[in-house]
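Please look over the sequence and the model before reading on.

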Amino acid sequence: MADSVALDPVDLHILRILQNDARTTYREVAAEVGVAPSTCLDRVSRLRRSGIILGHQLRLDPAKLGRGLEALLMVQVRPHRRELIGPFVERIRALPESRALFHLTGPDDYLVHVAVTGAADLQRLVLDEFTSRREVARVETRLIFQQWECGPLLPPAQEPPRHAHLSAD
């Protein structure tokens with residue numbers, strides 16, 4: 001597990017704001033947090049250097065790009081050996097339909113989030129890019145009807161130690 005970085009309430013407030021809208025200017029963030037813009041810039045720079053802020057991403061609507069059907073593919077790879085995993089991961093990551101790839105524990109080795117043009121395109125993807133691979137033993141497909149964003153991601157809250165309270169009743 002990676003080492004956590006100590007964050008104070010100002011850092012946490014800055015992270016909340018930027019996760020909700022990364023285009024918020026440092027001047028706007030500083031005003032909302034109650035610090036000088038230069039202090040805000042210094043703190044964001046420190047959060048980047050420490051590896052907490054990894055970058056910025058642009059979110060796109062797959063349906064408006066002609067990929068209106070999204071699915072999750074549960075993939076079992078056999079044998080599950082390192083020399084097969086590297087090329088498998090690189091191939092799946094290179095597919096234009098792939099949105100995210102997770103290496104899992106349990107009966108499935110990978111979960112792949114894909115966006116395709118429709119059912120026929122999904123069938124083609126599963127048959128041509130997954131089950132045609134020698135190392136892929138099984139693929140299960142789940143269609144995504146709807147999804148929601150969650151967050152922002154913040155460290156676990158520091159809770160005071162719990163003590164047993166005895167009543168004098």
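The report covers the nonpolar cores, the salt bridges and a surface patch.

The model is predicted: local features need pLDDT of at least 70, side-chain atom pairs count only at pLDDT 80 or more, and totals for chains, interfaces and linings use all residues. Residues are numbered from 1 along each chain as its sequence is written, and side-chain values use heavy atoms, with hydrogens and water left out.

**Nonpolar cores**

A nonpolar core is a set of buried Ala, Val, Leu, Ile, Met, Phe, Trp, Tyr and Cys residues joined through side-chain atoms within 4.5 Å; buried means under 20% relative accessible area, exposed over 50%, and partly exposed in between (1.4 Å probe, protein chains only). The largest core holds 20 residues, of which Leu73, Val75, Phe88, Leu122 and Phe130 touch the most other members. Two or more residues come from each of β1, α4 (82–94), β3 (110–116), α5 (119–130) and β4 (136–144), and β1 gives the most, with five. These helices (H or I, at least four residues) and strands (E, at least two) are DSSP runs, numbered from the N terminus. Apart from this core lies another, of eleven residues, including Ile14, Leu18, Ala30 and Val33.

Leu73 has contacts (heavy atoms within 4.5 Å) that include Leu111, Val126 and Thr141, not counting residues up to four places away in sequence.

**Salt bridges**

Side chains of opposite charge can pair when their charged atoms come close. With a salt bridge taken as a side-chain nitrogen of Lys or Arg within 4 Å of a carboxyl oxygen of Asp or Glu, the count comes to 16. Three of them are listed below.

| Pair | N to O distance |
|---|---|
| Asp11 and Arg43 | 2.8 Å |
| Arg78 and Asp109 | 2.8 Å |
| Glu140 and Arg142 | 2.9 Å |

Asp11 lies in helix α1 (residues 9–20) and Arg43 in helix α3, so their pair ties together parts that are 32 residues apart in sequence. Asp11 is buried, at 2% relative accessible area, and Arg43 is buried at 19%. Salt bridges that share partners join Asp8, Asp11, Arg43 and Arg46 into one network.

In the second pair, Arg78 is partly exposed at 37% relative accessibility, whereas Asp109 is buried at 4%. In the third, Glu140 is partly exposed at 30%, and Arg142 is partly exposed at 43%.

**Surface patch**

Leu58, Leu60 and Leu65 form a nonpolar patch on the surface, with about 370 Å² of accessible area together. Such a patch is made of residues with over 30% relative accessible area and no salt bridge, its nonpolar side chains (Val, Leu, Ile, Met, Phe, Trp, Tyr) being joined within 5 Å, and like charges within 9 Å in charged patches. Accessible areas come from the Shrake-Rupley method with a 1.4 Å probe; for residues, only the protein chains shown count as cover. Leu60 is found in the loop between α3 (37–49) and β1 (69–77).
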